Amino acid sequence: MGETKTPRRISTFFLAIIAVTLALSIVAIFSGVNAYLDENTGTAYPSLLIGASGLALSAYMLLQTRRRTSQFTIKMQPVNTTLLCQKCGFKNLREFQRGDYIFKEAEECPKCKEKMQINSIYREAEEKE
Ligand SMILES: [Zn+2]
């Protein structure tokens, strides 16, 4: 299925940015520490500041991507299809399958072996309260 391609590419892109930011801030911190050890505080403090804010920024972006993916999974609520046997009135519930539509002939009725008909298709509502 091709639907998941776009979000996956975005998160890979984000992870690449986070990795670069993280690497740059680590470099900045290291050069800041080196400058500090050389007692060159004029260079040390800006470098440490850039490194620290870079680390904070990458941590923040990481949290953002985490939140985005969790939102994405919440949105993926299951879609159900109810089947109704026209002959004996037997009702069945199953997961939505590609190509399902209302009044379409579906599987055989487990009771009377008559073809069942799709009665309704609905998205499972999120439980509230
Ligand atoms: Zn039946």
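## Thr-21 in helix H1

Let's start with Thr-21, which is found in helix H1 (residues 5–37). Helices here are DSSP runs of H or I with at least four residues, strands are runs of E with at least two, and both are numbered from the N terminus. This is a predicted model, where local features need pLDDT of at least 70, side-chain atom pairs count only at pLDDT 80 or more, and totals for chains, interfaces and linings use all residues. Residues are numbered from 1 along each chain as its sequence is written, and side-chain values use heavy atoms, with hydrogens and water left out.

Thr-21 has 16% relative accessibility, so it counts as buried. (Buried means under 20% relative accessible area, exposed means over 50%, and partly exposed is in between, using a 1.4 Å probe and protein chains only.) Leaving aside residues up to four places away in sequence, Thr-21 touches Gly-54, Leu-57, Ser-58 and Met-61; contact here means heavy atoms within 4.5 Å. The Thr-21 side chain also reaches the backbone oxygen of Ile-17 at 2.7 Å.

## Strand S1 and its partners

S1 pairs with strand S2 (residues 91–95) in the antiparallel sense, over 5 bridges. Two strands pair if DSSP finds at least two bridges between them. Thr-82 has Leu-93 in S2 as its bridge partner. S1 and S2 make a hairpin with 5 residues between them, and Gly-89 in the turn has a positive phi of about 80°.

S1 also pairs with strand S4 (residues 115–123), again antiparallel, this time over 7 bridges. Over there, Cys-85 stands opposite Met-116 in S4.

Cys-88 lies in the loop between S1 and S2, and Cys-109 in the loop between strand S3 (105–108) and S4, so the pair ties together parts that are 21 residues apart in sequence. Cys-88 is partly exposed, with a relative accessible area of 41%, whereas Cys-109 is buried at 0% relative accessibility.

Key
Polar contact = N/O pair within 3.5 Å; in protein donor to acceptor, adjacent residues only side chain to side chain.
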